[in-house]
Amino acid sequence: MPCPVMQAMIIPLVKCKNGCLSDVNNYRAIAISTSISKIFEGVIAEQFYSVEECDNYQFGFKAKRSTAMCTNVFKQTVDYYRNRGSHVFACFVDFVKVFDYVNLWKLFLKLLQDNVDANIVSVMAYWYANQQLCVKWLSTFSRFFTTTNGTRQGGILSPYLFSRYVRELLDEVVQSRCGCCIGGMMLNVLAYIC
């Protein structure tokens, strides 16, 4: 693969401007890829699709879905139960730095189990195993380095790849049948992976 496809620049963005600017956890690392890399990801993205039932509970980066829709489903579910005199308990989970902890080899195995073309998975494995990253801070660039885990936040494929990575977890929650159910549909997990 050509060098421009293999390289990305990481730009740390402040999460909370009123927070401690010297705290590493107050930054989100966004990978800025080259145009060639984005085109390549766009072509590969055409190969990924899913018809799994639990994917209906994922609202991030999907056509005709949004955070507003996810929030609306949550509010309507709570209203449905409260209007019928029931209590509703909710748990919110923020997977901090979630894209950083994806085990790529487990992810690639899951893609193969989904019958994604083995050649595409092989190219992606090579790409991720050999990608070169640098960090830009103000006008200074670090040396290039490699990483062995995680998907790139800011990458075209990253939301799909992470959604695929956690699909079994979402499915187990849905299949537990524990939680809210309206009209036969379980509403016990709403995911917005971005």
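## Overall architecture

Of the contacts in the protein (heavy atoms within 4.5 Å) with a separation of 6 or more, 63% are between residues 24 or more positions apart. The model is predicted, so local features need pLDDT of at least 70 and side-chain atom pairs count only at pLDDT 80 or more, while totals for chains, interfaces and linings use all residues. Residues are numbered from 1 along each chain as its sequence is written, and side-chain values use heavy atoms, with hydrogens and water left out.

The protein has 7 helices and 6 strands, taken as DSSP runs (helices H or I, at least four residues; strands E, at least two) and numbered from the N terminus. Their order along the sequence is α-β-β-α-α-α-α-β-β-α-α-β-β. Along the principal axes, the C-alpha atoms fill a box of roughly 60 × 45 × 25 Å. Of the 194 residues, 34% are buried; buried means under 20% relative accessible area, exposed over 50%, and partly exposed in between (1.4 Å probe, protein chains only).

## Salt-bridge network

The protein has 4 salt bridges, each defined as a side-chain nitrogen of Lys or Arg within 4 Å of a carboxyl oxygen of Asp or Glu. K110, D114, R164, R167 and E168 are linked in a network of such bridges. E168 pairs with K110, their closest N and O atoms being 3.0 Å apart. Because E168 lies in helix α7 and K110 in helix α4, this pair ties together parts 58 residues apart in sequence. K110 is buried at 16% relative accessibility, whereas E168 is partly exposed at 33%.

D114 takes part in a salt bridge with R164 (2.6 Å, N to O). D114 lies in the loop between α4 and α5 and R164 in helix α6, so the pair ties together parts 50 residues apart in sequence. D114 also forms a salt bridge with R167, with the closest N and O atoms 3.3 Å apart; R167 is in helix α7, 53 residues from D114. D114 is partly exposed at 27%, while R164 is buried at 3% and R167 is buried at 7%. Leaving aside residues up to four places away in sequence, R164 touches L107, K110, L111, Q113 and D114.

## Helix α3

Helix α3 (residues 67–82) has 16 residues and reaches 22 Å from its first C-alpha to its last, close to the 22 Å expected at 1.5 Å a residue, where the expected span is 1.5 Å times one less than the number of residues. C70, T77, V78 and Y81 are buried in α3. They lie on the same side of the helix because they cover an arc of only 95° around the axis, the arc being that of the directions from the helix axis to the C-beta atoms.

The buried residues of α3 pack against β5 (181–182). On the face turned away from the buried side are the exposed residues A68, K75 and R82.

## Loop residues with positive phi

Phi of N115, a residue other than glycine, is near 65°. N115 lies in the loop between α4 (104–113) and α5 and is exposed at 68% relative accessibility. R177, also not a glycine, has a positive phi of about 60°. R177 lies in the loop between α7 (167–175) and β5 and is partly exposed at 49%.
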